[in-house]
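Here is a brisk report on selected local features. Please look over the sequence and the structure before reading on.

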Amino acid sequence: MASLKLPHSLCNGSHGGSAPLPLPASSLLPKSTFPVYRRRRVAVSTGFITTTTVVLFSPNIFPSRHCSVKQAQRIHFSTRSTSASVQSETDELVEDKAKDLPSSGDSIRRRFLDFYAKRGHKVLPSASLVPDDPTVLLTIAGMLQFKPIFLGQVPKQVPCATTAQRCIRTNDVENVGRTSRHHTFFEMLGNFSFGDYFKKEAIQWAWELSTVEFGLAADKLWISVFEDDNEAFELWHDEVGVPVERIKRMGADDNFWTSGATGPCGPCSEIYYDFHPERGYSDIDLNDDTRFIEFYNLVFMEFNKTDDGSLEPLKQKNIDTGLGLERMARILQKVPNNYETDLIYPIIEKTAELANVSYSLADDHTKLNLKIIGDHLRAIVYLISDGVVPSNIGRGYVVRRLIRRAVRTGRMLGIKGDGQGNLEGAFLPVVAAKVIELSTHINPDVRGTAARIFEELKREELKFVQTLERGEKFLDQMLVEALSTAKESGTIPYLSGKDAFLLYDTYGFPVEITTEVAVERGVSIDMPGFDVEMENQKRQSQAAHSAVKLAMGNSADLTKNVPDTEFLGYETLSARAIVESLIVDGNPVIQVSEGNDVEVLLNRTPFYAESGGQIGDHGFLYIPGEDQHKVVMEIIDVQKSLGNIFVHKGTIREGVLEVGREVEAAVDARLRQRAKVHHTATHLLQSALKKVIGQETSQAGSLVAFDRLRFDFNFHRPITDSELEEIEKLVNRWIGEATSLQTKVMPLADAKGAGAIAMFGEKYGEEVRVVEVPGVSMELCGGTHVSNTSEIRGFKIMSEQGIASGVRRIEAVAGEAFIEYVNSRDYYMKQLCSTLKVKAEEVTNRVDNLLEELRMTRNEVSSLREKAAVYKASHLAAKAVSVGTSNNIRVLVESMDDTDADSLKKAAEYLIDTLQDPAAVILGSCPGDEKVSLVAAFTPGVVKLGIQAGKFIGPIAKLCGGGGGGRPNFAQAGGRKPENLSDALEKARSQIFLLLSEKAS
């Protein structure tokens, strides 16, 4: 069996560890052949002394070590509130345990989750990197999926939970690779309590996890607490036994967690690992990265911060913790930084192979670049897998920026093409394959999206390489201009900070490369100016990505006494219900009268609330049989709020509606049927897409409305007409087969195991609803559907288009909307046939003929205009004047009334040929309302004097509210202020006369 490859620094035994022998991969997760001994802790406290019995695992934990099996099975030790809190023999045992227990990243993750599962925590899956939260672009913390619970907006499903959450943070992207711990992608291991346990248990378990489960030496751990949190200080000192000199009180900036200006908050406590305890206890700074690393943060969410800044106790005190997986791996694997752990190092190793370098022998700059790619590829792969498509906005820009940083870093490393001999290929997919290989225990779904990830990366990389090449040309132009300007002005040539940043941000040029190339050409860089531009971008980035906001609005108060709404809409379209609450303009009211808009909360409802892409039902609320007090409310929208409370929005059309009244809730059956038809048709469309263009395509969004359906999906090219036709045929064939749908509720794991497809952006509980069209489609879906595909009647695609890089959109109609669409198109076709006086099958040829006739007519008109302009120009030639004493340069600056831009160009070319070299011609016209055209044409003799048409015409065009440019000998420009044309031409005349007089003399 092949040995596990370890980074060079690990083989050197960093941090004082002895060099380990090569381990077979299986040894990281040993399968014991000995009986497993359960671990029990029995603690008896007396004063400051705690006696603890630890029963360890199986005998093979300590093969050939200092202690025997019997010694390992049961060891007694004491902790005391002094610096000698843990006896030396215990420290030795812990050190031994740390050496022998599995320390791979996967095993650390598993052991963390198992540790808390054994203590009553429900192990929950990682949430998507695309959060269901409008306040953040991406999932940046483990607690984000529990935010509604912390806010009291949704009831807790379990008292406590534990997760291994995938996270993305890009606010410190410039620090990636430069420090030992900064990453864009990382895993946060967390344990959470929702009003169950609090500080004492959180602190005790964190210590037990660190020192017993992970075997960290107690005397290498330091604790920070909030300066006023005496309770936490005493728990760490008195209960756990950490000496006072290793507990540091810190201020609010470091150890008081707030979610925003208002909302839940509380003190926090952190555990730090000390890599250099030999440095002693004096002048300790826990933020010193060369000595300490914070690996575990415990947040005690016990207060609510009000508008006036005061703190009031929360009724439900919560625990939110985070242990950095990469940081713990660094500690246990004894490597100098997170990048050299088995979580990232194989990616670095693959990159080094493509760059034909050795990481262990590389200089610091090369190592930095390898680390950047190792980090960024993890973020990129998991973002694309979770449905984020590279674009120029939002989270799409985040992934595109990371891709471009990786590409340009690869070029700095010398990677050409795919790094494997194909110079036209891309190297990111090659590195991404290694990331996907390591993804099994992080997110097993990534393997299923590999083809899409590779395609996306290849397309983005090759496109950006072209941008980089354009940037190289742009840099060359900048340097030529800088040298020319400096020569004319007698100053030192330099490139502005703004230009350097433009190259960095738009063209992907690292400022180091720009500086290197510029220095070679004798041009300096305005680095202070560059730093200002960079800082501005950082501030914008940090403002968008760095905080999770928890704010307790009044919505929680409005609905705190309202139970979840019972949904009856799968079985019936009408039902009796009780009005639980009425809300007008965000405030609760007792009654609402005719003409007012209102939001109504019912105890039960047949109305479907918008979710899963399907819009909410329409309908009415009324009280039948009471003519004098009859109430009719028209419902125009239904939304879910604060978990599972349905909010019915609409207007009172008659009477008065009061809280506590019984109403008849009736859904508009015709509109519901339209929604059902479009929702089932959407499922059929997705199946047809997968059959026709490939299984790798995946949903990126959807809309199920009454009049149409919209389906967004990931795909790298437009769908051809023949493919669209095949998709339509498939869907209509399935409709015609009249297949009955099957709906089941089952455990999420069973549904996924059966092959059910999850809807984009949806969250699922442990029990899910599965909608199946047997033999065609199976999806997790809470929407409403037809009973039989024959109810859909027909399906027609209206349009297919790209809406972002790698994202396509299909809009279609089905059912009644399909009939309306076909009838509408038939009506317009009949009108067209009548106008053109042809049959329907002849319309295309007739239109083609008309277009050809129109094109020929336009060409004739254009030719006549150009001839007219040349004729006008022939009369203007006589107005040319001579400038300069020796060169006798002919100059003509004139207006040509309403001549269009193309004809103006022809006139200028004619005049240049007529006047002969040296000559300069500047013409202007007003071809339409709020439209100005300008042209400048210079012969070679004028250009040799250093006067360029492109540079000359731009400032003139600005006088007319426009701009333009071109070649040194010919340039065009435009504007929007015809009233300024006369002044602009006068300015051009005086300017060209002055320049030519100076140059010619």
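## A four-stranded sheet

In what order do the four strands of the open sheet stand? The order is S28-S30-S31-S29, and the pairing is mixed. Strands S28 (742-747) and S29 (757-758) stand at the edges. Each has a single partner strand, so one side of each is left without a neighbour in the sheet. This is a predicted model.

Strand S30 covers residues 767-773, and strand S31 covers residues 777-780. These two strands pair in the antiparallel sense, over four bridges. Val 770 stands opposite Leu 780 in S31. In general, strands of a sheet pair through backbone hydrogen bonds, either parallel or antiparallel.

## A helix across the sheet

Helix H19 spans residues 669-693. Helix H19 lies across S29, S30 and S31. Its direction makes an angle of about 120° to S31.

## An enclosed helix

Helix H9 runs over residues 325-333. Eight of its nine residues are buried, so H9 is largely enclosed by the rest of the structure. Which residues of H9 are buried? They are Leu 325, Glu 326, Met 328, Ala 329, Arg 330, Ile 331, Leu 332 and Gln 333. The list includes Glu 326 and Arg 330 as well as Leu 325 and Ile 331.

Lys 334 follows H9. The phi of Lys 334 is positive, near 55°.

## Backbone exceptions

Most residues other than glycine have a negative phi, and most peptide bonds are trans.

Asp 585 is not a glycine, yet its phi is positive, about 55°. Asp 585 lies in the loop between strand S16 (574-584) and strand S17 (587-589). Is Asp 585 buried or exposed? Asp 585 is exposed, with a relative accessible area of 75%. Glu 930 also has a positive phi, near 50°. Glu 930 is found in the loop between S36 and strand S37 (931-938). Glu 930 is exposed, at a relative accessible area of 63%.

The peptide bond from Asp 917 to Pro 918 is cis. Its omega is near 0°. Pro 918 is found in the loop between helix H24 (901-915) and strand S36 (919-928).

## A nonpolar surface patch

Which residues make the nonpolar surface patch of about 230 Å²? Val 847, Leu 851 and Leu 854 make it. Leu 851 is found in helix H23, which covers residues 843-876.

Definitions and conventions:
Residues numbered from 1 in each chain as written. Predicted model: local features only at pLDDT ≥ 70, side-chain atom pairs only at ≥ 80, totals over all residues. Heavy atoms only, no water. Patch = residues over 30% accessible without salt bridge, like charges linked within 9 Å, V, L, I, M, F, W, Y side chains within 5 Å. Areas by Shrake-Rupley, 256 points an atom, 1.4 Å probe, with all protein chains shown as cover. Salt bridge = Lys/Arg side-chain N within 4 Å of Asp/Glu carboxyl O. Pairing = 2+ DSSP bridges. Contact = heavy atoms within 4.5 Å. Axes fitted to C-alpha atoms, helices over the stretch in contact; angles between N-to-C directions. Buried < 20%, exposed > 50% of the residue type's maximum accessible area, 1.4 Å probe, protein only.
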